[in-house]
Amino acid sequence: MKGRDTLTAGAAILLIWQLVSWLLNMPILPPPTEVLQAFFIALPHDLGRHFLVSGFRVVASILLAVATAWPLGLAIGQSARLDRLLSPAIYLIYPIPKIVFLPLVLLFLGIGNLSKIFIIAFVLFFQILVVVRDAAGGIRPELVHSVRSLGAGRRALFRFVYLPACLPAVLTALRVSAGTAVAVLFFAESFATTSGLGYYIIVETWGRLAYPEMYAGVVAMALLGFILYAVLDQLEKRLCPWLHLT
Amino acid sequence: MIIVRGLTFSYADQTPIFENLHWHVAHGEAWSVIGPSGCGKTTLLYLLAGLLHPTKGEVLVDGQPLQRPRPRTGLILQDYGLLPWATVAENAALGLRVRQFYGPDGRHAPRSQQVSPPAEKVDFWLKRLGIDRVRDHYPVQISGGQRQRTAIARTLAMTPDLLLMDEPFSSIDALTREELQDLTLALREETALTTVLVTHSIEEAAFLGRRILVLPKDAEQEPQIVENPQAGAPAYRGSAPFHAVCDRLRERLAP
């Protein structure tokens with residue numbers, strides 16, 4: 001996607017927002033001008049801090065999920081025995097909405113950063129695990145044979161075949177689930193905490209009917225999701241150039 | 001170079017593909033292996049490469065029984081052998097990078113050989129095989145012929161003494177195939193390699209193999225050897241003796 005197209009789309013959304021807010025003429029939908037003003041006023045005060053806290057939590061969860069799901073997915077994908085052993089359990093757990101475990105996670109891990117990072121990583125873990133397993137399982141045996149014939153044992157196969165073969169799958173899984181990660185973050189931050197964008201939107205602004213500030217929080221959350229998505233998109237283009245040949 | 005002694009092989013609980021097979025390949029020989037489909041040509045090659053292990057009997061290469069792929073055996077498969085995420089130059093350097101990864105441990109890489117930086121050797125083979133100008137292309141961007149040249153460059157960069165090829169040119173158009181067959185002859189002259197080529201094409205077997213192993217459909221029948229001493233020059237293709245050998249092969253392969 002070109003930068004200019006993205007800008008045009010952004011401008012169009014702002015325009016529709018402005019129009020609807022003007023037609024509706026109610027305090028619960030302030031116009032974007034007012035919201036952006038509130039955004040820039042709040043940013044240096046507390047909104048900026050909440051943004052950074054939320055950003056830290058979601059990035060830490062992504063790293064944790066990738067660091068655990070990638071190796072395990074690879075191991076399952078290339079070993080028929082592990083696959084037989086673990087895949088039925090994954091099949092059962094995968095469709096459970098992990099967010100329902102939030103109360104338990106809060107009980108076990110407390111109300112600090114750890115519980116938020118854990119619940120988001122828990123959601124992402126299965127998304128990554130499943131695609132990495134399938135990508136590793138889908139590698140052609142001819143490719144493995146020919147690299148083994150070059151002298152590669154298990155370690156070199158991981159390094160030169162399985163790891164790079166699954167890289168696009170990991171990045172795609174992350175891109176697809178970036179929105180989910182932010183959504184889970186919002187929910188996890190909406191109670192029993194005093195920081196993060198979820199807290200800012202639900203407790204600090206919505207709670208005291210400060211609508212422009214509340215929308216500023218929504219904008220910040222949207223921005224967080226957008227930045228995540230854009231960074232992952234760029235990472236994929238940089239790290240997987242062979243997928244973007246014309 | 002290769003001694004196959006009393007080789008029996010079957011995939012789990014199936015009827016054996018080979019039963020008590022004996023075969024001897026001397027240093028520097030150029031063999032073709034041909035047989036009806038399903039006779040186990042590819043399986044035989046994988047056994048020689050150390051990718052599969054005999055159910056009974058043994059395969060010795062250079063006097064050593066095979067436990068795992070041998071560092072100085074090169075293997076070229078029909079297709080899919082290149083890493084799709086690596087450029088031609090990176091693919092050609094892969095074998096040397098694997099050697100560097102382990103160091104000269106005598107198991108994954110020859111103990112004797114200095115592990116030299118890949119660049120020089122890879123450059124030499126990319127130029128020799130005429131794929132230097134596509135060195136930064138990815139496999140999907142080049143032709144089938146160029147892909148096989150890359151696979152050959154990757155193998156030759158490791159200075160093998162035995163080259164195993166499994167239908168290396170069968171998914172390539174006719175003209176390019178002849179080009180690559182001529183190239184194989186030239187490379188064999190230059191490097192004094194022992195070669196074993198598995199093919200389903202009678203013409204290819206007769207053009208590239210000075211000795212031809214004809215595998216039977218049934219593991220209980222004896223494989224036959226057809227001698228083809230005149231093979232080895234590009235002009236052999238289309239000559240009268242070449243056609244005579246093709247006819248003999250056709251006869252032996254007929255059910």
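**Close-up views of helix packing and a chain contact**

**View 1. Helix α8(A) meets helix α9(A).** L197(A), Y200(A), I201(A), T205(A) and W206(A) of α8(A) touch E213(A), M214(A), G217(A), V218(A), A220(A), M221(A) and L224(A) of α9(A). Two residues are in contact if their C-beta atoms, placed from the backbone, lie within 7 Å. Helices are DSSP runs (H or I, at least four residues), numbered from the N terminus. This is a predicted model: local features need pLDDT of at least 70, side-chain atom pairs count only at pLDDT 80 or more, and totals for chains, interfaces and linings use all residues. Residues are numbered from 1 along each chain as its sequence is written, and chains are lettered from A and ligands numbered from 1 in the order in which they are written.

The axes of α8 (residues 197–206) and α9 (residues 211–239) of chain A come within 9 Å and cross at roughly 170°. Axes are lines fitted to C-alpha atoms, for helices over the stretch in contact; angles run from 0 to 180 degrees between N-to-C directions. The pair is therefore roughly antiparallel (over 145 degrees).

**View 2. Helix α2(A) packs with helix α5(A).** In chain A, α2 (residues 32–78) and α5 (residues 113–137) pack at about 30°, with axes 6 Å apart. They are therefore roughly parallel (under 35 degrees).

**View 3. Chain A touches chain B.** The contact takes 18 residues from chain A and 23 residues from chain B. On the chain A side, α6 (141–149) and α7 (154–189) are the elements that give two or more residues. The most come from α6(A), with six residues.

Terms used. Angles under 35 degrees count as roughly parallel, over 145 as roughly antiparallel, 65 to 115 as roughly perpendicular and the rest as oblique.
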